Amino acid sequence: MTEQDDWQREFDIGWADSAVHKEPSARARMLAARWKENPPDPLPFRADPTPVRGSRRSSWVSTVVVLGCVAAVIVLLGWAQLRSPY
């Protein structure tokens, strides 16, 4: 038997796809058993996510934080420039 014959026998996808019965995956079996006892609630297609409240900062706070960081970097670079001997 040639090496190509071994390779074809081992990796013959067409033969595997033409199988009459395909066993479901372990996850599919687990979900089917769970949903038989307790079916999931129906969800609308592309349901709106629940809004998150209280964790969002207002836009001006974010702007102040960014500008403060930029100002701190400028001051730090200027201070380093003054301290260098050159």
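How many helices and how many strands does the chain have? The chain has four helices and zero strands, where helices (H or I, at least four residues) and strands (E, at least two) are DSSP runs numbered from the N terminus.

**View 1. The whole chain, a predicted model.** Read along the sequence, the pattern is α-α-α-α, and residues are numbered from 1 along each chain as its sequence is written. Because this model is predicted, local features need pLDDT of at least 70 and side-chain atom pairs count only at pLDDT 80 or more, while totals for chains, interfaces and linings use all residues, and side-chain values use heavy atoms, with hydrogens and water left out. The pLDDT, which is the predictor's confidence in each residue from 0 to 100, averages 80 over the chain, and 78% of the residues score at least 70. Confidence is lowest in helix α1 (residues 3-10), with a mean of 67, and highest in helix α3 (residues 26-37), at 93.

**View 2. The salt bridge of E23 and R29.** The structure holds one salt bridge, a term for a side-chain nitrogen of Lys or Arg within 4 Å of a carboxyl oxygen of Asp or Glu. The side chains of E23 and R29 meet at 3.1 Å, N to O. E23 counts as exposed because its relative accessibility is 61%, whereas R29, at 40%, counts as partly exposed; buried means under 20% relative accessible area, exposed over 50%, and partly exposed in between (1.4 Å probe, protein chains only).

**View 3. V70 in helix α4.** V70 is found in helix α4, which spans residues 59-83, and this residue is partly exposed, with a relative accessible area of 43%. Of the 86 residues of the chain, 1% count as buried.
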